[in-house]
Amino acid sequence: MALTAKAPPGTWIGPDPQDRRARVLSLTDAGRAVLARAVPIWTREHGAMMAEWSDQELKDPARLLRKFVDGANAALKA
């Protein structure tokens, strides 16, 4: 929160149209341009790294991440 609180008005944060008490963090045009260049690179590189993975191996990281998140959520509620 401290990082976004120092952002110049209108660059990163703005009011939430559904709840004026809340703030919304969003990308600027420059940020969207960087993301548009980065996503194809990320997709290509990760595809190359996982090209030899089986269907089951591709499913396991998502399953394990869900398990991790579920465990973290349970620990935070305790």
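Student: Where do Asp60 and Arg63 lie, and how many residues apart are they?

Tutor: Both lie in helix α3 (residues 55–77), three residues apart, about one turn of the helix. Helices here are DSSP runs of H or I with at least four residues, and strands are runs of E with at least two, numbered from the N terminus. The model is predicted: local features need pLDDT of at least 70, side-chain atom pairs count only at pLDDT 80 or more, and totals for chains, interfaces and linings use all residues. Residues are numbered from 1 along each chain as its sequence is written, and side-chain values use heavy atoms, with hydrogens and water left out.

Student: What makes Asp60 and Arg63 a salt bridge?

Tutor: The closest N and O atoms are 3.6 Å apart. A salt bridge needs a side-chain nitrogen of Lys or Arg within 4 Å of a carboxyl oxygen of Asp or Glu, so the pair with 3.6 Å counts. By this rule the count comes to three salt bridges. Among them is Asp19 with Arg21, at 3.0 Å, N to O.

Student: Why is Arg21 called exposed?

Tutor: Its relative accessibility is 76%. Buried means under 20% relative accessible area, exposed over 50%, and partly exposed in between (1.4 Å probe, protein chains only), so Arg21 at 76% is exposed.

Student: Which class does Arg44 fall in?

Tutor: Arg44 is exposed, because its relative accessibility is 51%. Glu45, its salt-bridge partner at 3.2 Å, N to O, is partly exposed at 38%.
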